[in-house]
Amino acid sequence: MSGPPMGGPPMGGPPRTGPSAGNSPAPGPPRSAAASPAAKPKHPPGDRSHIPASAQQLVDILSRDMQRVASKAPASFAPQVKDTQKRINILFDHLNNEELVKPDTIQQLTQLATLLEGKNYPEAQQLQVSIQTDRTEECGNWMVGVKRLISMSKATP
């Protein structure tokens, strides 16, 4: 009895290739030295000399509050404080490079910072959630830092 083979196609898909198989990796999109010819040059991380005037109040308030929290937080919270500082600095780098965060979001974040400065934590938290929900595409790792700063600021009078 010979006939067509029984069952479906072999399981597991096509044979895998790669550097371990002695083959070169599959070609991907061409890589260029610059992200795109129209891209603005990026300023180095930590540089704050190009913060737009519209974001300066936000940077000033968050920096002051982060310093206050860092000076008052118990030593056991040092890792969380350090991580929050790192995330807030990511936001500052985006602002310095005028990337990712749009002007109306900067305005809302400045309002949030003003609420934080006035110790109006419930409204600051509410605005943070609103920004994160409505502007997800602009929020990155830095938004976790903003959220934590609100909580830590509230916990360190």
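**Helix α5 and its neighbours**

Colleague: Which residues in α4 and in α5 meet?
Modeller: This is a predicted model, where local features need pLDDT of at least 70 and side-chain atom pairs count only at pLDDT 80 or more, while totals for chains, interfaces and linings use all residues. Residues are numbered from 1 along each chain as its sequence is written, and side-chain values use heavy atoms, with hydrogens and water left out. Taking contact as heavy atoms within 4.5 Å, Tyr121, Ala124, Gln125, Gln128, Ile131 and Gln132 in α4 meet, in α5, Met143, Val146, Lys147, Ile150, Ser151, Ser153 and Lys154.

Colleague: How many nonpolar, polar and charged residues does the contact of α4 with α5 have?
Modeller: Ala, Val, Leu, Ile, Met, Phe, Trp, Tyr, Cys and Pro count as nonpolar, Asp, Glu, Lys and Arg as charged, and the others, Gly among them, as polar. By these classes, the contact of α4 with α5 has six nonpolar, five polar and two charged residues.

Colleague: Are α4 and α5 roughly parallel or roughly antiparallel?
Modeller: Axes are lines fitted to C-alpha atoms, for helices over the stretch in contact, and angles run from 0 to 180 degrees between N-to-C directions. The two axes lie 10 Å apart at an angle of about 170°. Angles under 35 degrees count as roughly parallel, over 145 as roughly antiparallel, 65 to 115 as roughly perpendicular and the rest as oblique. That makes α4 and α5 roughly antiparallel.

Colleague: And are α3 and α5 roughly parallel or roughly antiparallel?
Modeller: Helix α3 (residues 103-117) packs with helix α5 (residues 141-155) at an angle of about 15°, their axes 11 Å apart. The pair is therefore roughly parallel.

Colleague: Which helices do the buried residues of α5 pack against?
Modeller: Buried means under 20% relative accessible area, exposed over 50%, partly exposed in between (1.4 Å probe, protein chains only). In α5, the buried residues are Trp142, Met143, Gly145, Val146, Leu149, Ile150, Met152 and Ser153. They pack against α1 (53-72), α2 (78-96), α3 and α4 (121-134).

Colleague: How many helices and strands does the protein chain come to?
Modeller: Helices (H or I, at least four residues) and strands (E, at least two) are DSSP runs, numbered from the N terminus. From that end on, the elements run α-α-α-α-α. The total is five helices and zero strands.
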